[in-house]
Amino acid sequence: MKSASIKLSKKFAFIMGVSLISLGAGASFAQEAKPKSETVTVLGSRIKRINKEGPAPVTTIDAAAIKAGGYASIPDVLKSVTQNSGATLSEQDFGGGIMTPGASQVNLRGLGPNHTLVMVNGHRVADFPMPFNGLSNFADVSNIPVSMVDKIEVLSGSASAIYGSDAVAGVMNFTLKDKADGTSASYKYGITEQGDGQSHLATLSTGFNTDKFKLVFGAEYYKKDPIWQFDRAIQDSRADAPTPESRNAVLNFYRSGGDATAADCNAVKNLAGGTMVLFTDTDGDTYCGSQKAISYGTITSDKSSFNTYTSMKYDLGNDKSLYANLQAGIAKTKLMNDVTYWRYQDENGQLQWFYNQDPSYDDWDKWRRIFTPEEAGGIEKFMTSNKSNTVSFNTGLKGVAAGTWNYDLGFNYSRYNSTISSPQTVAAKANKLFLGDILDVVDGEPTISAPLSNFYRALTPAQWDSITERVITKAYSQTQGVSLVVTKDELFKLPAGPVSVALVGEVDNQSYSVKPNEKATDFGYYYGYAATSGAGERDHRAAGVELKLPLLDSLEANVASRYDSYSFGDNDIGKVTYNAGLEYRPVKSLLVRAAYGTGFRAPDLHYVFANLDLFHPSVTDYYNCRVYEAGDCSDYADLDILKHREGSTKLRPETSKSYNIGFVYQPTRNFDFSVDYFNVAMRDQVQDLSTDQLLRDEADCRLGVTESGKTVNASSPTCIDALKRVFRDSNGDITHVYINPINVAREDTDGLDISVNYTLPVSYGKYRFSINHTEVFNHTSVQYVGDAELDQLAVDSGYTIPSQKTTASVTFEKGPYAFTLTGKRLGKLQNYAEDAWTGESYLFNANVNWNVNDKTEVSFSVNNLLDTNPKKDPTWTGYPYYNSKWFDSIGRAYFIEVSHKF
């Protein structure tokens, strides 16, 4: 167990000494107190209250803070949220580009994107149709229009007793703007210092009020050009790699059965922009390859979108009103993770050697081709596209019954549609083009007769088109249901005051479908590819109660309980969850708070309903690496194998317990300071088995010892399971692995959230300082009961999770001008080799805002002010040679925005 006091003492001087603000005024508790008669609804409760702070800490980021921070999109904003501490898929990640192109996730406390409930205006939204990394469902935050957001609220920790079973790690609510002061329009332009990644954001908002009717309408158009990997010097070639082995050229023309000659490579020298050469790798093998060919991909995508938001309210009189909110959007995203490939693959998807009896060779061989943009007829032919449309609609009736009971009877509907298209090589057609007819097959290995000139040649675009197809996947996710919330400010009285109550009932249905074209699920039809597929639905019912109990003048309790029930297939699962919180105010300036809650979550739909799919991951064979190469895995890395994966109806529901305890101190209106300890314990968490971790476990179990020298019990549950899942041929090479989702025995994390806000008026203006910091003490997991505990923060854990994350900024205001400097600090991360740490990293944004007059405003921002490159890791031998889950190489970027009210 790490010592909290030791870890805090090392960083406390930095945290308290930085003169920066975080999240602007929006995250601050130091705001003018509301009139005593005015009540507000705070995230984490359905009961209105006078005090903004409750028993659980809530981070709030308003529209002004988003602009002052220079954030260009919702994912940019969420990177600054210190509680959002888990790794997610970036646009450069292969899984993100293929499975979830253009989507972005939130990962509170590092417990997984599927354990954070995402809401818009307090209502659930449909998940992204394609599963996260091909595994689990999650909510996409990239399609939320940043210009329409009024505020973002983040509640970390279990809130299942209030919002339902999805709120295990926490809740993130996006409140869209519902007020319009006439008509306003804005335009924002952005460009990187290197002249690419141009973006355009145009918005329009308007509305009107009458005695009975209120309408607000907003529209946003966004267009962003891609940023290509070959346009960044730190990743435009394998020559940028840190070790000699990783600097080998791409295997564009590689034969396992023989070496290339200068004449062979001369025939294809014009490919890859004229960089195709005869290359000798560190093992002495020669082939035709290009170091530059590694950089055919995008860092950020090409995206265009159009979103609208309409909010309406009609006063029926007698304390009754009708309301309706509609958000609709369309988007098209194009990105590229890689080019297309070919090797001989049989009808079952297995990669095979073949006997080439052509007189020029007459021996066993295996050919590998990696195609280039010239052969395809342009780099855009390799891009994956995602055309999507979203709609979220909620409507209802609000009113007062029996004089004191407030009710909200509502209907909510949300749907997300996607059509994803990606290029793939048709195995049989490519086999025919390169090898000709199969003359014979013995033990799965064919005999062919093909001259080497069939291999060492540049394809024409027509030939490339003849062996490729676009795989089309149509997917949707949908949620719809009705809810009733009834509240009463005074149910009865206690000596210290009235008891308030909220009652809630929900009935809804959730469904999804992932349907690729018919051939995409055939294991051997496409080279190295089989699409994920699945479909299913479930019904959900819930009922809950919440009470606010004034125990003393200075002590208030909040309790809630809820029952959730899910039905899917032949399964019915349900559980009661509860929350309890205390707020103690011994003096007006001090709040001491604590909360405890339990959580429950049914398994994701795709974890249950995924069909048997075939994947072709590139893996490292850690067993053979350690046996034959003494830990140097260059010869056993990037191996293409088969992964069989399907859902499981045997999954148990997930459960959790979480608690927080802390205080908020506000001695003056201009200063506040809060510290909150958090602890989240998840049990039976559903996760897919990690292929990489499975192969590490298999090596440890076969050898009886880990790479670091720890003894491994070969009879442990993990070892028994791992050895059953990895299949090897008679030569000891991996043929395939079997993966499915499982209930992890447990995962636990705890730490501190610290927030400081200070406003300093001076004779020449005003300064605002603020800082938010999250310190993770522990993050551990156990895969099976009886296994040793895995410390995910350890250097050799296989995870890259920071134990520290800080966001801070300082704002100076003078007259119509405001200057803001925002800084983000990410603590040390595990390196690629898992034997050391990469140091902490910093990123700064700057913003200048000028209110020209009461109608016109101009804003100028510089993101990545110091043009900081990704944190260097000399062991990161995999492309792009840095941790792309946490960093990118976009560099310095400039934005200018003009807005005007008419």
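Accessible areas here come from the Shrake-Rupley method with a 1.4 Å probe, and for residues only the protein chains shown count as cover. On that basis the protein exposes about 36,700 Å², with carbon and sulfur atoms supplying 54% of it. This is a predicted model, where local features need pLDDT of at least 70 and side-chain atom pairs count only at pLDDT 80 or more, while totals for chains, interfaces and linings use all residues. Residues are numbered from 1 along each chain as its sequence is written, and side-chain values use heavy atoms, with hydrogens and water left out.

Of the 902 residues, 56% count as buried (under 20% relative accessible area; exposed is over 50%, partly exposed in between; 1.4 Å probe, protein chains only).

## Overall dimensions

Along its principal axes, the C-alpha trace spans about 100 × 60 × 55 Å.

## Aromatic pairs

There are 37 aromatic pairs in the structure (Phe, Tyr or Trp rings, the six-membered one for Trp, with centres within 6.5 Å; planes under 30 degrees apart are stacked, over 60 edge-to-face, the rest tilted). Take Tyr767 and Phe812: their ring centres sit 4.8 Å apart with planes at 40°, so the pair is tilted. Tyr767 is partly exposed at 23% relative accessible area, whereas Phe812 is buried at 16%.

Then there's Tyr817 with Phe819: centres 6.5 Å apart and planes at 20°, so this pair is stacked. Tyr817 is partly exposed, at 37% relative accessible area, and Phe819 also counts as partly exposed at 37%. Both pairs belong to one aromatic cluster, whose members include Tyr767, Phe812, Tyr817, Phe819 and Trp850.
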